[in-house]
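I opened the model to look up its pockets and one of its helices. My notes follow.

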Amino acid sequence: MLKVLYEDNHLIAVYKPAGVLVQGDETGDATLMDEVKYYLKTKYNKLGKVFLGLVHRLDRPVSGVILFAKTSKGASRISEQIRNHEVEKIYHSLVIGKPKKQKDTLVHWLKKDETVNRATVYEREVQDALHAELSYEVVQSNGTYSIVKIQLKTGRPHQIRAQMSAIGHPIVGDVKYGGSPADDIALCATSLSFTTATGEERKTIEIEIPKGWSKK
């Protein structure tokens, strides 16, 4: 069942479960966009096609808060905020081991190979690689596993997964980047802050860290 976290005339934020596609791909599997469109069509008795703007994405294995636009005005306003780095995205992740630094900023360059759907991390700028930056803070650790809070400065494909793996602390469940096998990748978009499409109010949509992580 769709979990709506926030809704106004122009925007809607929902919870994305791990393993669910945001938009369609070659698998033909059901998508979150289709589910949100159905919700809007049913709730407002809309005739014909329902507009739903995709303004940012989450990888299929990742859970958390995702924002869609219900109108073209909403889509353009949020897209502009994203371009201007005015949308704040906070993630939490369960990683293997404990980083040496309690908090740090990671700067790398990423190049994604679409044929294997994996990003390669470089310490310095190389041709066709994209600048990637994030800040993290360890919020809980038993030495074997750590829960880290992550703030993205750039939004690159597989960025958190690749960068945390690059410093020797892959995400639990993220086998592609060296993590231990698990049912899901332990990465969740826990907070999203933005200004409403009418420009009148700053909104922060938050969810709790998955409870099972603290039991590791």
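**Lining of the largest pocket.** I sorted the lining residues of the largest pocket by class: 13 are nonpolar, eleven polar and twelve charged. The model is predicted. The lining counts 36 residues. I looked for those nearest the pocket centre and found Arg57, Asp59, Gly155, Arg156 and Pro157. Next I checked which elements contribute. Strand 5 (88-96), strand 9 (145-152) and helix 3 (159-166) each give at least two lining residues. For the volume of the largest pocket I noted about 1200 Å³.

**Second largest pocket.** I then turned to the second largest pocket, with a volume of about 210 Å³. Its lining has 15 residues. Nearest the centre of this pocket I listed Asp184, Ile185, Ala186, Pro210 and Trp213. By class, the lining splits into ten nonpolar, two polar and three charged residues.

**Helix 1.** I moved on to helix 1, residues 32-43. From first C-alpha to last, its twelve residues reach 16 Å, close to the 16 Å expected at 1.5 Å a residue. Which residues of helix 1 are buried? I found Leu32, Met33, Val36 and Leu40. These lie on the same side of helix 1, because they cover an arc of only 100 degrees around the axis. I also asked what covers these buried residues. The cover includes strand 1 (4-7), strand 2 (11-16), strand 3 (53-54) and strand 4 (63-69).

**After helix 1.** Last, I checked the backbone beyond helix 1. Asparagine 45 follows the helix, and its phi is positive, near 50 degrees.

Definitions and conventions: Residues are numbered from 1 along each chain as its sequence is written. This is a predicted model: local features need pLDDT of at least 70, side-chain atom pairs count only at pLDDT 80 or more; totals for chains, interfaces and linings use all residues. Side-chain values use heavy atoms; hydrogens and water are left out. On a 1 Å grid over the protein atoms alone, a cavity is a set of points where a 1.4 Å probe fits but cannot get out, and a pocket is an open set with protein on both sides within 12 Å along at least five of seven lines; lining residues have an atom within 4 Å of a point. Grid points are joined across faces, edges and corners, and a volume is the space filled by probe spheres set on the points. Helices (H or I, at least four residues) and strands (E, at least two) are DSSP runs, numbered from the N terminus. Ala, Val, Leu, Ile, Met, Phe, Trp, Tyr, Cys and Pro count as nonpolar, Asp, Glu, Lys and Arg as charged, and the others, Gly among them, as polar. The expected span of a helix is 1.5 Å times one less than its number of residues. Buried means under 20% relative accessible area, exposed over 50%, partly exposed in between (1.4 Å probe, protein chains only). The arc is that of the directions from the helix axis to the C-beta atoms. Contact means heavy atoms within 4.5 Å.
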